[in-house]
Structure formats: structure tokens, C-alpha cells
Amino acid sequence: RIAPEFVEGLLLPALATIATCTHADALAYPADVVAAYAGAGLARQSVHRAREGADAVAARLTAGITQLVCSAGVQAVSRTARGARVAREGRAEERFDHVVFATQANQAAALLTDPTPAEAAALAAFRYRALEVVMHRDERLMPRRRADWSPVNACVDAAQERPQSTIWINRVQPAMRHAAPVYQTVMPHHTPRDELVLGHARFERPLVDSGTAAARAALDALHAEPGRRTWWCGSYAEAGVPLLESAVRSALAVAARIEAAAPQARAGREAESIA
């Protein structure tokens, strides 16, 4: 009983913009996922921003880590009896008690050298959609009328399989308020002029469909196996629209499982020492 104009003109384009997927992908989303997202205060609450910015959040999250290595060039992960070995470009293999794949499921599958059939099947069950993001100064990708400009601008074209969304960075980043105009366009319908392009990137976003719940259940079953030392987390691994919040919840769940497994591992090592 919902008007087609609302579904085709607002609901599907909005979901496709939030999930950065095609209209067909949005139509395949389970209704309960869409209803839960829309009913969680989306239309009533304003956007919350980290008080001191994302860099400050990252600094606090990493403050307790003994060693942090960026651009590590990880090439492969293989299992041992007591953990896993990590192979890095130009370095000797390193051994760890636990390895957490905080990557996409398809990337984790490519890195793990010895997946079990159940692990391979669970990771392969998650699907992804590629997308393109361009940072630029080309006003032609904004609404034609300046009066229609908003912090986030969606453009729907019947000839395109997904909406174009352009964020007016100056309106969403207080530090950029008085800077020269900067725009971020996801899946542009038209290419910005070369001299106005600041950066270009390609990503993949997880999709949600009728098979996603079963894939998550299979992943949870793997995590519940006794003695597990390899884990997976990410936005794909939690219920709902795959966003940053989903990734955080899945990471917390994995951390809780590792902490719960720690006393068992210590007991095992003590028994070996006594033997």
C-alpha cells in the first residue's frame, strides 16, 4: 500500500545511497533490516560527531597497544597448533596466539592459506558491490540550482543503476567551513573535470540479501568452536545495514570471545608444563 512514487523516488534511492549499492541491491534488502534502520531514530536524531575528530578516537583506541605496524604488507596467514603464522612482505614469518581478520570476507578468504571447507563456504557467502568515490571541486555534480544544495545531495537518473550522492564537505566538516569548495561524489554519473579532481578511490561494500543471515550464523558457529585462534570481524559480520557501527559491534564480539578463551589457553599451557 506504499505509493510507487515514494518507493522509487525516495525509499530505494535513499537506501542505495546509504548502502552504496544499486537499486536492485536495495530492493533485495530484507524488509526487517530496512524497517529497523528507519525506525531507529533516523528521522528524529541529528548526526553525532566525535568531539575531537576521528584522529583523536584512533589515538585513544590504539593507546594500549604495545606495537602498532601500519602498511605491514601482510601476504598470508597460516595456522599452527597454538595460533597462526603471518607472512609479511620482506620479513620473516611471525607467530601470534590469535589473528583477527578486520577485513572484508573476500579479502580474508584470499589471505588465509588453509581454510577449512566450512570457513571457505562461510566467507564466500558474503557478497560485495564495487563503488567509486571522487574528491573534487566541480560544481556540475551538485544540484543545478544553488538553492537546492544540501550537505548531502542525491541524484537519481532512470538510465543509471544506482543513485549518485555528493557530500558538500564544507558543510559537514567544521574545519572546512571557510575553505575553498570541496565535494565528495560516490558513484558519479558524470566525470568531474580533470583539473578539478583532488583524489579518486575504489572500494567494495558488503551487500545484504536473503542469504546474509545464514552466512552470519555460519560465521558465529565458527567463532564458537573450542580452541579457535582465527577470527573475522567487519560490518558484514553484524545484523543490519553494514556501517561503521556494525563493524564496531562485531569487533567487540570477537574481543569478548578471545578474552573468554584466554583462561582456557593458559590452563592448557600449564597442563603441558606439568606433563
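User: Is leucine 207 buried or exposed?

Analyst: Leucine 207 is buried, with a relative accessible area of 5%. The scale counts a residue as buried under 20% relative accessible area, as exposed over 50%, and as partly exposed in between (1.4 Å probe, protein chains only). This is a predicted model, in which local features need pLDDT of at least 70, side-chain atom pairs count only at pLDDT 80 or more, and totals for chains, interfaces and linings use all residues. Residues are numbered from 1 along each chain as its sequence is written, and side-chain values use heavy atoms, with hydrogens and water left out.

User: Where is leucine 207 placed, and with which residues is it in contact?

Analyst: Leucine 207 lies in the loop between E9 and H8; helices (H or I, at least four residues) and strands (E, at least two) are DSSP runs, numbered from the N terminus. A contact requires heavy atoms within 4.5 Å. With neighbours within four places in sequence set aside, leucine 207 is in contact with Cys21, Asp25, Arg127, Tyr128, Arg129 and Thr212. Its C-alpha atom is separated by 18 Å from that of serine 165, 42 residues apart along the chain.

User: For comparison, how is glutamine 173 to be read, and what is its relative accessible area?

Analyst: Glutamine 173 has a relative accessible area of 38%, so it is classed as partly exposed. This residue is found in the loop between helix H7 (169–172) and E8. Glutamine 173 and alanine 63 are 110 residues apart in sequence, and their C-alpha atoms are 25 Å apart in space.

User: How many residues form the largest nonpolar core, and which of them touch the most other members?

Analyst: A nonpolar core is a set of buried Ala, Val, Leu, Ile, Met, Phe, Trp, Tyr and Cys residues joined through side-chain atoms within 4.5 Å. The largest one has 19 residues, of which Val77, Phe101, Leu123, Phe126, Leu219, Trp232 and Tyr236 touch the most other members. At least two residues of this core come from each of strand E2 (83–88), strand E4 (99–101), helix H5 (105–111), helix H6 (117–124) and helix H8 (212–223). A second, separate core of 13 residues includes Val7, Ala19, Leu207 and Val241.

User: Which residues of H6 are buried, and why do they line one face?

Analyst: An α-helix has 3.6 residues a turn, so residues three or four places apart point the same way. In H6 the buried residues are Glu119, Ala122 and Leu123. Seen down the helix axis, they fall within an arc of 95° and therefore line one face of H6; the arc is that of the directions from the helix axis to the C-beta atoms. The face turned away from this buried side carries the exposed residues Pro117 and Ala124. The buried residues of H6 pack against strand E1 (74–80), H5, H8 and strand E10 (230–232).

User: What is the strand order of the open sheet of 5 strands?

Analyst: Two strands pair if DSSP finds at least two bridges between them. The order is E6-E7-E8-E5-E9, with antiparallel pairing. Strand E6 (152–155) and E9 stand at the edges with a single partner strand each, so one side of each is left without a neighbour in the sheet. Neighbouring strands are turned by 20° against each other on average, direction ignored; the axes are lines fitted to C-alpha atoms, and angles run from 0 to 180 degrees between N-to-C directions.

User: How many bridges join strand E5 to strand E9, and how many join E5 to strand E8?

Analyst: E5 (residues 128–136) and E9 (residues 197–206) run antiparallel and are joined by 9 bridges. Leucine 131 has phenylalanine 203 in E9 as its bridge partner, and tyrosine 128 stands opposite proline 206 in E9. Between E5 and E8 (residues 183–186), also antiparallel, there are 4 bridges, and valine 133 has valine 186 as its partner in E8.

User: What do E1 and E2 form?

Analyst: E1 and E2 form a hairpin with 2 residues between them. Their pairing is antiparallel over 6 bridges, and alanine 76 has alanine 87 in E2 as its bridge partner.

User: Where does pLDDT stay under 50?

Analyst: pLDDT is the predictor's confidence in each residue, from 0 to 100. Where it is low, the predicted coordinates should not be read in detail. Here pLDDT stays under 50 over residues 270–275, for which the model has 1 contact beyond four places in sequence. The chain averages a pLDDT of 90, and 95% of the residues score at least 70.
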